[in-house]
Amino acid sequence: MKIVLENLTKRFPNRNKKGGADVVAVDNFNFEIPDGKLIGLLGPSGCGKSTCLNLISGLETPTEGRIYFDGEDITDLPAENRGVGLVFQSYALYPHLTVLRNITFPLENLKGEKKMNRHEMDEKALEAARLVQIDGLMERKPNELSGGQQQRVAIARALVKMPRVLLLDEPLSNLDARLRLQTREEIRRIQRETGITTIFVTHDQEEAMSISDMIVVMKDGVIQQIDKPQNVYNDPKNLFVAKFLGTPAINVFVGSVKAERLYIGDDEVMTVSGAPDGNVYIGVRPEGFVPDDNGGLKCKLSGIEIMGRDTSILSTHYAHEGDTIRAIVDSEEATRFTEANDASGNGTADKPGEVSFSLKPRKVYLFDRVTEERVYCKTI
Amino acid sequence: MKNNGSKAWLYLLPALLFLGAFMVYPLIDVLIYSVEEGYNSASQSYYDVGLYNYSYVLHDPYFLQALRNTFLLVIITVPLSTGTALLISLGLSSIKKLRNLFQTIYFLPYVTNTLAVGLVFMILFKKTAYTDGLVNVLINLFGGESVDFIDGPYWAKMFVLCFYTIWVVLPFKILILTSALASVNETLYKAARIDGTSKFRIFYKITLPMISPMIFYLVITGFIGAFKAYSDAVALFGTDLNAAGMNTIVGYVYDMLYGDSGGYPSYASAAALILFVIVLTITVINLMISRKNVHY
C-alpha cells in the first residue's frame, strides 16, 4: 500500500515552565512510500523518527498535515482502524500469555463479520508463526524465550491480522551483534514474502543500508535526504548525511577551492572542475585515499591498523576536523606501503613518519562552509 | 560439609533462640492451655486433659455470635474494600491534574488513629438526646426514618462496622494498587491499542493479570486482617461487645482473658486456636485458587 505524508508536523509543548518554543519533533514531512517497499527511517536519537512512526501508526496525532494510505485520508482515523502492525523496541509481549495467545490477541479483538472462532485464530497464528519460524514454541511464555525469539513473536503478532503497513521501531537494538545480522536478513525475507509495505526506524546506518529499499535520513525533525541506500552513501546531499552514513565515518577537512583547484590546508590535492571558488568542507571517504609518494595530501603517520580484511592507515593533518584520519586501503597497497615504510624506517611507533595520499575523485565531496550543503561531487 | 552444617546452625542460633522463646513456646503453650480443663492461672492447676474447652467455646452463644459477626465482616469487607480500592486506583491513575492531592486525601485515614476515627464515626452515626447524627439528618432529608446505628438493630450496627472497616483498610490498598498499576509497562497498552482492543478487554486481559500478584496479596492480608478485627468494633461500640452483640473472635478471646467474664485462659486459648485453624484454612484455599489465576 502506498503511504503519502503531506506537510506532516508534530510539535510537543515545551516542558520548561519558563516558556520557550515548542519542540518540533517532526517538521513538515512530505514524502511518498511506494507500495510493498521496505523503508528505513534513519537518524540520530532524538531526531523524531519514532514520533514519525507513531504518527503513522496513530498512537500520536499530528499537529498539522495529513497522512494518506492508498489515497485514503487516515489522519483522523484511530490507531485500531488503520490496519497497521507495530513492533515495539521492547517487543511489548504480554508476559502472562503464551506465544500462541500473544499472537492470537489481535484476532480476538476483531468484531462483526471478521470475527473468528478459536480454531481459525489458532490456524492464523500458526501461519504467522511459521513465517517467522517460531511454530515450535507456541506454548511457551515470553520469559522462556531468547531475545531473538521474542522479537519474532512480536513480528508474528503484528503480522497475524495482515496489516496494510508494518511498522518496526528499532527492531534490532535489543539483540546481540550476531543475532542482529541474522534478524535483519530475516526481516528482509519476511517483508519480501508478505509484500507488506514496511517502515522501520533505526539509528544504525549499517542496518538501514543493508536491508532498505529506500532510506529517509532525518536530523532534528527535518528530512535530510530520501534515496536508495547506495545513493545516499555515494551522493550525500549535505555534510550531515555524509558524516552519518558509512563506517568508518567520512574524514572531514577544512579547505578551499581556488581556480578549480582544491586545497586542504596548504596542500593542493586535486583539480575540481566546475566547483565554485571559496571556503569549503572537504569530505573524503576512508576508501578514497591512495598512498602515493607523489600525492598532494601530506599527513603525519600515526599507525597502521589491521582488522580482518581491512587495513587502515591512521594519520593526522592540521586541516582535519577530528582526531585521526582513517584511510582504508586494499591489501596490495597496504603491503607495498608497509614494505616501503619498513625499508625507510618511517612510520614505526618510535619514529613517526610521513605519508602522502592522492585522492580518488569519486570519494571526495565538497560542502559549503556555511550551509553545509554539498557543492561538488564527481558524478559517475 | 558436616562442618559447614554445624556452622550454619551456629549462625542461626540467635534467631532460633528468639523465635523459640517468643513465638514457638507461646504457641505451644496456647495449645497446652486449650486442652487443660479447669485450668487456674493463680494456682497453676487443672483437673483433666481433653477437648472440653473446645466444646464449651463452640457451644457458647457469645462465641457463636462473635463467629457470625467475624465471618460477615470478612465476607463483606474484603471483596468490597479490594474492589473499591481498585476502582479508586484506576481513577487515580487515569487523571493527571490534582492526582497528588487526591492520593494524599485517600491516604489520610491510614495515618489516623483507629480510635479517633471511631469517634468521628460516632458523631456521624450516633443518636443522642440532642441530635440523631449527621447520617440520620441526611436520611431524614430524603424522607427516611432515623435509624440508631450504634444501639439499634443488628443490621445497622453491622453496616456501620463494615463501613468503618472498609474505610480504614482502603488507603493501604489504594496505595499498593496505584503503584502496581503504575508499574505496568506502558507499551503493553500501546500495543493493545494498535490491535484495537476495547477498554474493558485491556483491563480484563492485561491490567488485571499484570497486577494480580498485588491483588492476591491484598486479599490474603485482607482476610487475615478482617478475621483478627477487634479494635474497630471497640472504637464504635465500646468495650462491652457481647452486650452490643457485636463481638468478634479476637474480642471473645480478650473477654475470656480479661473481660468481665474473664479469667478463663483455657477457653481463650481454645477460641484462639479455632481462629488460627479458620485463618489457616482460608489462606490455604486462597493459595490454591491463586495458583491458577495469579501471574507472576
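These legends walk you through a few close-up views of a predicted model.

View 1. Welcome to the largest nonpolar core, which has 105 residues. The members that touch the most others are L41(A), I56(A), A154(A), A156(A), L167(A), I199(A) and I282(A). Helix α4 of chain A, residues 147-159, supplies the largest share of this core, with six residues. Both domain 1 (3-238) and domain 2 (248-377) of chain A contribute to this core, each with at least three residues.

**View 2. The surroundings of I56(A).** Here we pick out I56(A), one of the core residues that touch the most other members. Leaving aside residues up to four places away in sequence, I56(A) touches I3(A), I67(A), V165(A), L167(A) and I199(A).

**View 3. A second core.** Next comes a separate core of 50 residues. Its members include Y106(B), A226(B), F237(B) and A268(B). For chain B, the mean pLDDT is 87, and 98% of its residues reach 70 or more.

**View 4. Where chain A touches chain B.** In this view, 14 residues from chain A meet 15 residues from chain B. On the chain A side, the elements giving two or more residues are β6 (84-87) and α2 (99-108). Sorted by class, this side of chain A holds nine nonpolar, four polar and one charged residues. For the complex, the predictor gives an ipTM of 0.78 and a pTM of 0.78.

Methods:
Residues numbered from 1 in each chain as written. Chains lettered and ligands numbered in written order. Predicted model: local features only at pLDDT ≥ 70, side-chain atom pairs only at ≥ 80, totals over all residues. Core = buried A, V, L, I, M, F, W, Y, C linked by C-beta atoms within 7 Å. Buried ≥ 20, exposed ≤ 12 C-beta atoms within 10 Å, placed from the backbone. Helix = DSSP H or I, 4+ residues; strand = E, 2+ residues; numbered from the N terminus. Domains from an automatic or database assignment. Contact = placed C-beta atoms within 7 Å. pLDDT = per-residue confidence, 0-100. Nonpolar A, V, L, I, M, F, W, Y, C, P; charged D, E, K, R; others polar.
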